[in-house]
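Work through the exercises below with the sequence and the model side by side. Try each task before reading its solution.

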Amino acid sequence: MRIGITVLAAFLFLVSSTSWAETPWEEYLNNPTSDNAIRVNRVEYTTGKIPRNYGYWEPDLDILRNQVLGGDSEAFRLAFRLLRNSDGGLREELTAILSHSIRPHPQFFLAQMSDLKPNETELRSILMMPGLEYVDRDQARIYELGMRRKALSSVSTKALLPLRERCLNLMKQDRR
């Protein structure tokens with residue numbers, strides 16, 4: 001009986017210590033709350049969680065995308081924080097996540113950007129990133145960017161008007 005209890009205790013310790021070993025990013029993925037988003041500063045996995053030499057697991061970004069599109073301010077801020085510290089494919093994915101919030105939630109997008117104060121390059125990059133689904137689809141890309149301009153133009157909150165105009169001017173200058 002004592003051996004059974006000892007084995008059970010050891011098993012419970014191993015199971016509980018495994019959950020303690022999760023990175024903040026993994027904790028967020030397992031429970032994508034605003035509180036967990038605040039704790040993440042980089043995309044980092046426990047050794048062995050994803051294939052070696054991968055920086056991130058692309059489907060995991062869908063969880064972050066869902067939260068951003070759901071209007072979670074902390075998820076939006078997390079995506080922007082990660083964007084600033086990323087390069088290559090991850091940077092492109094994060095830029096697309098943020099940019100996809102413009103059409104459905106233009107006021108939310110402007111409010112978040114107003115608080116985050118992106119530089120011109122960051123803001124232009126987000127505004128003009130149609131998404132990888134628009135590669136080699138020029139008409140669809142032009143349509144998407146036009147719909148973003150229309151969505152941004154619909155925002156009439158006085159405090160957001162300067163940023164709205166800044167965004168529209170950047171988009172007008174950079175008609176790709």
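**Exercise 1. Locate Ala37, decide whether it is buried or exposed, and list what it touches.**

Step 1. Ala37 sits in helix α3; helices (H or I, at least four residues) and strands (E, at least two) are DSSP runs, numbered from the N terminus. The model is predicted: local features need pLDDT of at least 70, side-chain atom pairs count only at pLDDT 80 or more, and totals for chains, interfaces and linings use all residues. Residues are numbered from 1 along each chain as its sequence is written, and side-chain values use heavy atoms, with hydrogens and water left out.

Step 2. Ala37 has 0% relative accessibility and therefore counts as buried. Buried means under 20% relative accessible area, exposed over 50%, and partly exposed in between (1.4 Å probe, protein chains only).

Step 3. Not counting residues up to four places away in sequence, Ala37 touches Tyr28, Glu74, Ala75, Leu78 and Arg81. Contact here means heavy atoms within 4.5 Å.

Step 4. Ala37 and Ala79 are 42 residues apart in sequence, with 9.2 Å from C-alpha to C-alpha.

**Exercise 2. Describe α5: its span, its N-terminal cap and its buried residues.**

Step 1. The twelve residues of α5 should span 16 Å at 1.5 Å a residue, and the end C-alpha atoms are 17 Å apart, which agrees. The expected span is 1.5 Å times one less than the number of residues.

Step 2. Asp72 caps the N-terminal end of α5, with a side-chain oxygen 2.9 Å from the backbone nitrogen of Glu74.

Step 3. Ala75, Phe76, Leu78, Ala79, Phe80, Leu82 and Leu83 are the buried residues of α5. Their cover includes α2, α3 (34-38), α4, α6, α7 and α8.

**Exercise 3. Find the residues with the most contacts inside the largest nonpolar core, and the element that gives the most to it.**

Step 1. A nonpolar core is a set of buried Ala, Val, Leu, Ile, Met, Phe, Trp, Tyr and Cys residues joined through side-chain atoms within 4.5 Å. The largest one has 42 residues, and Trp25, Leu64, Leu94, Phe109, Met113, Leu127 and Leu152 have the most contacts inside it.

Step 2. Elements giving two or more residues to this core include α2 (24-30), α4 (60-69), α5 (73-84) and α9 (138-153). The most comes from α5, with seven residues.

Step 3. Take Leu127 from the list. Leaving aside neighbours within four places in sequence, Leu127 is in contact with Ile102, Phe109, Leu145, Arg148, Leu152, Cys167, Leu170 and Met171.

Step 4. In soluble globular proteins, nonpolar side chains tend to be buried together.

**Exercise 4. Where do Thr23, Lys117 and Asp136 lie, and is each buried or exposed?**

Step 1. Thr23 lies in the loop between α1 (2-20) and α2. Its relative accessible area is 9%, so Thr23 is buried. Leaving aside neighbours within four places in sequence, Thr23 is in contact with Glu44, Tyr45 and Thr46.

Step 2. Lys117 belongs to the loop between α7 and α8. With a relative accessible area of 61%, Lys117 is exposed.

Step 3. Asp136 is in the loop between α8 and α9, and at 75% relative accessibility Asp136 counts as exposed.

Step 4. Check phi. Lys117 has a positive phi of about 50 degrees although it is not a glycine; Asp136, also not a glycine, has a positive phi of about 65 degrees. Most residues other than glycine have a negative phi.

Terms used. A polar contact is a pair of N or O atoms within 3.5 Å; within protein, one must be able to donate a hydrogen and the other to accept it, and residues adjacent in sequence count only if both atoms are side-chain atoms.
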